[in-house]
Amino acid sequence: MTAIAPLTTRVAWKALAAHYSQVRHLHLRTLFAEDATRGERMAVEAVGIYFDYSKHRITDETLTLLLQLAEESGLQARIDALFRGDKINITEKRAVLHVALRAPKGHSIIVDGEDVVPHVHAVLAKMANFSNRVRSGEWKGHTGKPIRNVINIGIGGSDLGPVMAYEALRHYSQRDLVFRFVSNIDGTDFAEATRDLDAEETLFIVSSKTFTTLETMTNARTARDWTLTTLKHPAAVAKHFVAVSTNTEEVTKFGIDTANMFEFWDWVGGRYSMDSAIGLSTMIAIGPEQFHAMLDGFHQMDEHFRTTPFERNLPVLMGLLTLWYNNFFDAQTMAVLPYEQYLKRFPAYLQQLTMESNGKHVTLDGTEVAYQTGPIYWGEPGTNGQHSFYQLIHQGTKLIPCDLIVFAQPLNPLGRHHDVLLANVFAQAEALAFGKTSQEVQAEGTPAWLAPHRIFEGNRPSSTLLLERLTPKTLGALIALYEHSVFVQGAIWHIDSFDQWGVELGKVLAERIIPELESKAESPLTHDSSTNSLIRHYRKYKERST
């Protein structure tokens with residue numbers, strides 16, 4: 001790995017710091033007034049996404065310096081290493097090859113001397129065969145009934161991706177099948193998911209790379225007990241459970257036929273895995289053809305990211321704009337606001353993708369960072385959010401850059417609904433940018449005492465992502481856009497965006513505490529005084545309920 005100067009010592013970083021002090025108070029009203037073509041110039045269209053970034057607090061010089069920072073940070077070399085299959089996840093010594101999951105047949109990506117693309121397509125073919133058997137009713141449960149209910153059991157990337165994709169593509173799903181998703185260790189999640197289902201018609205997909213994940217396997221064992229309560233015979237497990245895993249021994253031990261184990265690889269991170277076998281529930285829902293259309297959308301964005309000059313590269317521009325606000329304006333959060341009900345789980349999916357990737361406090365060489373890394377991502381669908389948190393975005397004291405995602409063609413056309421929806425998203429972007437001045441408020445005849453409450457400062461930055469229609473292909477492109485934007489940010493911050501050690505500590509401590517909660521004996525506690533006290537109080541409450 002070529003040595004890169006520390007971020008804050010790079011020429012472009014210093015120039016950006018000086019430039020920020022000059023432009024920080026520039027208002028978007030002024031920038032648009034001085035450039036009648038700004039709205040057309042500061043927009044890029046690629047892979048079915050029209051990306052309008054004109055309503056950002058940037059000038060042409062800002063863009064030039066941000067692009068220079070990308071060059072000085074060795075971004076192109078990092079992109080090349082990603083697609084080449086280099087082991088860029090340095091703490092786990094792994095390649096990072098979610099791009100291989102959607103590489104077409106005939107492509108070649110070598111990992112440890114082996115082309116992984118044929119393996120990917122072998123698993124896709126196996127998934128397609130199984131999906132078609134479930135969808136057609138050919139796959140029968142233990143009592144001979146076809147499967148009508150599919151429940152995915154996973155957590156993190158093994159849940160957030162599948163549930164988001166199902167909700168996003170529900171319009172394309174086979175409607176005589178029921179799909180549910182269980183992730184929370186809270187027993188309520190499983191109880192409510194299965195309450196109205198018939199075990200004879202229910203298939204569980206247990207998604208765990210190691211088949212040892214505490215939450216997933218606890219839920220899986222509960223699912224097995226629930227199934228056998230009705231079906232009685234242990235042989236029923238093989239007809240009602242399949243596995244997405246790499247651990248043949250544990251899958252066999254559970255009672256699942258390894259012929260129905262769908263493989264994925266250690267070069268696929270959980271939060272980047274929804275287009276691997278982790279997406280089996282998605283393929284059953286929408287069918288193999290539509291699943292491959294989604295993969296094509298992913299791949300087209302991959303190729304755009306890999307080959308397009310940075311000044312027209314959607315993920316690069318999106319990543320650089322996020323960095324601009326995070327590191328110079330001290331913006332703590334990013335709002336992702338899809339004006340599409342089917343994308344209601346998209347912000348939750350992005351929370352893991354962005355914050356698990358870039359929530360890091362040391363650089364690749366282990367030194368403490370001297371700057372902010374990953375911002376907090378959050379959001380809800382519009383227009384619901386407009387009647388909730390938009391007040392703070394418009395008139396609060398925090399700067400919150402926004403991504404507004406909208407589709408020109410509705411999947412469910414009803415009267416004038418879609419025109420009203422589109423009018424709202426365009427109006428919100430305009431209002432965020434330009435606000436409402438005191439002169440405009442006064443011209444409306446607003447009383448002087450009320451005027452301050454009705455003034456909107458504006459100058460609130462946003463991107464608008466306009467797509468023609470929500471399809472499997474456009475969903476794939478949209479997800480890949482955010483994946484690569486996260487990569488851009490991490491490359492410039494010089495952090496490892498592909499490990500997640502911060503997830504581990506709580507898991508280890510939980511394993512230690514579980515037997516202390518389950519034990520009926522008053523065992524000695526050796527935690528801090530707060531944790532000890534909480535455990536004792538829990539034991540008291542637990543005794544009262546038995």
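Helices here are DSSP runs of H or I with at least four residues, numbered from the N terminus. The model is predicted: local features need pLDDT of at least 70, side-chain atom pairs count only at pLDDT 80 or more, and totals for chains, interfaces and linings use all residues. Residues are numbered from 1 along each chain as its sequence is written, and side-chain values use heavy atoms, with hydrogens and water left out.

**Terms**

Rolling a probe the size of a water molecule over the atoms shows where empty space is left. The search runs on a 1 Å grid over the protein atoms alone. A cavity is a set of points where a 1.4 Å probe fits but cannot get out. A pocket is an open set with protein on both sides within 12 Å along at least five of seven lines. Lining residues have an atom within 4 Å of a point. Grid points are joined across faces, edges and corners, and a volume is the space filled by probe spheres set on the points. Ala, Val, Leu, Ile, Met, Phe, Trp, Tyr, Cys and Pro count as nonpolar; Asp, Glu, Lys and Arg count as charged; the others, Gly among them, count as polar.

**Volumes and linings**

| Space | Volume | Lining by class |
|---|---|---|
| Largest cavity | about 50 Å³ | six nonpolar, three polar, one charged |
| Second largest cavity | about 40 Å³ | seven nonpolar, one polar, one charged |
| Largest pocket | about 960 Å³ | 13 nonpolar, 16 polar, 10 charged |
| Second largest pocket | about 480 Å³ | six nonpolar, seven polar, four charged |

**Cavities**

The whole structure holds two cavities of 30 Å³ or more. Phe51, His56, Met318, Leu321, Thr322, Tyr325, Met334, Pro401, Asp403 and Ser463 line the largest cavity. Helix H14 (residues 314–327) provides the largest share of that lining, four residues. The second largest cavity is lined by Leu101, Val120, Val123, Leu124, Met127, Trp265, Asp275, Ser276 and Ala277.

**Pockets**

The largest pocket has 39 lining residues. Nearest its centre lie Thr213, Gln500, Val503, Glu504 and Lys507. Four helices each supply at least two lining residues: H7 (157–168), H9 (214–231), H15 (346–358) and H21 (504–518). H21 gives the largest share, four residues.
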